[in-house]
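Here is a short briefing for a first look. Start with the structure itself, then read the points below.

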Amino acid sequence: MSQESTSTPAAAPADDYLERRALRRGSAGWVLLTGLGVAYVVSGDYSGWNFGLAEGGFGGLAIAMVLMGAMYACMVFALAELSSILPTAGGGYGFARRALGPWGGFLTGTAILIEYVLAPAAIVIFIGDYVESLGLFGLESGWPVYLVCFAIFLGIHLWGVGEALRFSFVVTGIAVVALVVFALAALPDFSVAALDDIPVDSSAAGSNSWLPFGLLGIWAAFPFGMWFFLGVEGVPLAAEETRDPARTLPKAIRWSMGILVVLAVVTFVAAAGARGSAAIQEAGNPLVEALQPDGEATTLSRIVNYAGLAGLVASFFSLIYAGSRQLFALSRAGYLPRFLSLTSRRKAPYLGLLVPGTIGFLLAAVSGNGARMLNIAVFGATISYALMSLSHIVLRRREPELPRPYRTPGGVLTSSVALVLACSALVATFLVDVTAAFIALAVYVVAIAYFGLYSRKRLVARAPEEEFAALAAAEAELTRD
């Protein structure tokens, strides 16, 4: 039997175990990582958020966006501190492993993995819809388009992380510039009266023209308010491929969030004010609809339409990266089958890319329901947010002397706000799509059973996240003695 299949707890694998699971160091600086953070999210500015208008109206979605923006802002400040303490590919799993133990690490890592496997599957369906609506090459949305997307973009990732991040940076730049162009083009048609034109449901408690579905509509709009920021927390997953991660990661996280806040406000207000909330609340491409009041395509609407495709590609491409790094870290430490963390000669985790890519393609080809898969991804995301915020609180309380190159403004108060809002957002997923929430919960239960019955006894003590936690345990033991 090989060392990698040993059944002993905290197994000591072969000497070359970590060498065969090494990523390319120093491939990214803070500018590329900032682009990566924006790339994770930018597709959400082009589509998806507008469905929140049908749940809460303009006022309800606006409040939801502010609250979810506050959640993400508080959380990324906490993550900036945590990533400066433990800059490894495990990201949220590594933080929770130190603070909450193996179970906390696994629960957090699995929730992140659900988000980053399901979200690309959903986005590739939207890419297919854009390709069909634009009439590109006469293609229709379907599995051949999905297969081509996964094949091309997985291939770029397999080529190398530096090449992948530079490609993502360029495509993201195109999508961001187009959002600015959209806002300027929508400005002449902007009207405050158009913002609250959704009919009021008089039976809803607290309803008015700004809150047509009442106070409960604010809560129901939480998952859609998240779409302006969903994924930015993935920046720390690039830690092992970053130059000077203790300084670079916090800077990139803060810049990413700042850019996303500006884009969210500009996009939301400009789109609703140019065409009216009622007109775009169910549109698959709300920005294009906002520029076509008569339903006739214009030069600017076509430009935005193509840019929307670029934004979807940027997020699809970047989320594949994030998912592969989370899978790599969990596998390297033994939480998932270890062979999934093997890397190629170009230091790319090829099975960590191919396996979730295959799963994502099959989900897209079989279901074709992008909205439901995004709702499942949101369910996983909110669990991870709560656990990562809790990890920050626990480490601040339990290990106040731990060296922190970057410290979260506001300390545990900041992460406590993120924790409360994340729990609220988790409950809100049941208000929007009960089926999606229970599907995600079922996947989570299966993963927990695998860990509890099998992999919990086969962890790899030499994995960076495990070593970090073991060091903390040893220091605590010395203190007690």
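Is the crossing of α12 and α13 left-handed or right-handed? The crossing of α12 and α13 is right-handed, where right-handed means that the near helix is turned clockwise from the far one by less than a right angle, and left-handed anticlockwise. This is a predicted model, in which local features need pLDDT of at least 70 and side-chain atom pairs count only at pLDDT 80 or more, while totals for chains, interfaces and linings use all residues. Residues are numbered from 1 along each chain as its sequence is written, and side-chain values use heavy atoms, with hydrogens and water left out.

**Overall**

- The protein has 17 helices and 0 strands; these are DSSP runs, numbered from the N terminus (helices H or I, at least four residues; strands E, at least two).
- Of the 481 residues, 59% are buried, meaning under 20% relative accessible area with a 1.4 Å probe, protein chains only.
- Among contacts with a separation of 6 or more, 82% join residues 24 or more positions apart; a contact means heavy atoms within 4.5 Å.

**Helix α12 with α13**

- The axes of α12 and helix α13 (residues 350–367) come within 8 Å and cross at roughly 120°.
- That makes α12 oblique to α13; angles under 35 degrees count as roughly parallel, over 145 as roughly antiparallel, 65 to 115 as roughly perpendicular and the rest as oblique.
- Axes are lines fitted to C-alpha atoms, for helices over the stretch in contact, and angles run from 0 to 180 degrees between N-to-C directions.
- On the α12 side, Ile 320, Ser 324, Arg 325 and Leu 327 meet Gly 352, Leu 353 and Pro 356 of α13.
- By class, the contact of α12 with α13 has 4 nonpolar, 2 polar and 1 charged residues. Ala, Val, Leu, Ile, Met, Phe, Trp, Tyr, Cys and Pro count as nonpolar, Asp, Glu, Lys and Arg as charged, and the others, Gly among them, as polar.

**Helix α12 with α4**

- Helix α4 (residues 92–133) and helix α12 (residues 299–332) have axes that come within 8 Å and cross at roughly 150°.
- The two helices, α4 and α12, are therefore roughly antiparallel to each other.
- The crossing of α4 and α12 is left-handed.
- The contact of α4 with α12 holds 22 nonpolar, 7 polar and no charged residues.

**Two buried residues**

- Ser 331 lies in α12 and is buried, at 0% relative accessible area.
- Ala 274, in helix α9 (residues 245–275), is buried at 15%.
- Ala 274 and Leu 187 are 87 residues apart in sequence and 7.0 Å apart in space, C-alpha to C-alpha.

Note on methods
Buried means under 20% relative accessible area, exposed over 50%, partly exposed in between (1.4 Å probe, protein chains only).
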